[in-house]
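Let's walk through this model together, starting with one chain and then moving to another.

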Amino acid sequence: MASEPEFRKRLEELRPYLVRFASLQLRDAAAAEDAVQEALLAALAGEAGFAGRANLRTWLTGILKHKIVDTIRRQAKEPALPEDPDQALEEFDGLFAKGDDHWSERPAAWGDPDGALQQAQFYRALEKCLGRLPERTARVFLMREHMGLETGEICKELEITPTHCWVLLYRARMVLRECLQQTWFGK
Amino acid sequence: MMGIISCKETTRLVSQGLDRELAFGERVALRVHLVICLGCRRAGRQMAFLRKAVRELAEIDVTTPV
């Protein structure tokens with residue numbers, strides 16, 4: 001096993017990645033820094049737990065995910081977030097014709113979406129679209145797609161029903177694909 | 001079993017398919033609809049792409065100049 005200063009140095013090198021990972025979910029720089037700090041301290045205390053594992057970053061990200069969920073749980077106990085305003089979320093209802101619920105306007109093809117993944121600009125557009133999602137919707141969507149948590153776990157942590165969870169995820173996806181259509185793929 | 005479903009219902013099921021195992025009847029209804037509906041096929045691909053894109057998001061070096 002590496003010496004402790006060496007281990008500490010390797011952890012520090014990963015800090016920028018971890019801060020970014022936490023910031024995407026928490027959308028709050030200070031809370032993200034705190035979660036990363038807690039994760040790094042836990043990692044130092046539990047160095048033995050890393051012994052023999054292949055990937056330090058994966059191990060550390062796993063610890064960080066727990067700290068992020070702790071943060072979300074704490075936040076959930078603070079004065080409740082207002083319900084997300086419905087008009088922002090129902091926006092996508094306009095996509096479907098009243099009455100028969102078929103597309104009012106058929107979604108356009110996205111030429112080469114995988115090509116977009118090679119462009120830094122695309123990620124800025126994506127982040128902007130994520131930033132437009134209402135707070136609760138964004139939180140659930142990011143717990144699912146960014147942190148890769150199962151819906152069961154998300155429901156438990158946020159004390160919501162699976163049905164509610166699926167509705168929020170559906171809305172998030174529909175709003176995001178519409179936003180990317182307008183700000184990226186439709187340009 | 002579900003009968004003929006709308007585009008709204010289809011996209012809802014496609015989305016849920018990313019989060020849970022769909023029931024047999026749901027899968028059948030979905031498949032029947034997708035075969036005939038280009039809009040829903042596109043929306044489905046786009047939702048799957050979103051998942052891929054968001055997973056990449058953390059990997060992006062934010063200090064990279066545009």
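How far apart do the C-alpha centres of domain 1 of chain A and domain 2 of chain A lie? They lie 27 Å apart. Domain 1 covers 4–77 and domain 2 covers 86–185 of chain A, with bounds that come from an automatic or database domain assignment.

Before going on, please keep in mind that this is a predicted model, in which local features need pLDDT of at least 70, side-chain atom pairs count only at pLDDT 80 or more, and totals for chains, interfaces and linings use all residues. Residues are numbered from 1 along each chain as its sequence is written, while chains are lettered from A and ligands numbered from 1 in the order in which they are written.

Back to chain A: nine residues from domain 1 and eight residues from domain 2 take part in the contact (two residues touch if their C-beta atoms, placed from the backbone, lie within 7 Å). On the domain 1 side, helix H1 (4–26) and helix H4 (56–77) of chain A are the elements that give two or more residues; helices are DSSP runs of H or I with at least four residues, numbered from the N terminus. H4(A) gives the most to that side, with six residues.

Now to chain B, where B:Ile4 sits in the segment before helix H1 (7–17). Is B:Ile4 buried or exposed? B:Ile4 counts as exposed because it has 9 C-beta neighbours inside 10 Å (buried takes 20 or more other C-beta atoms within 10 Å, exposed 12 or fewer, partly exposed in between, with C-beta atoms placed from the backbone). B:Ile4 is 28 residues from B:Val32 in sequence, and their C-alpha atoms are 8.1 Å apart in space.
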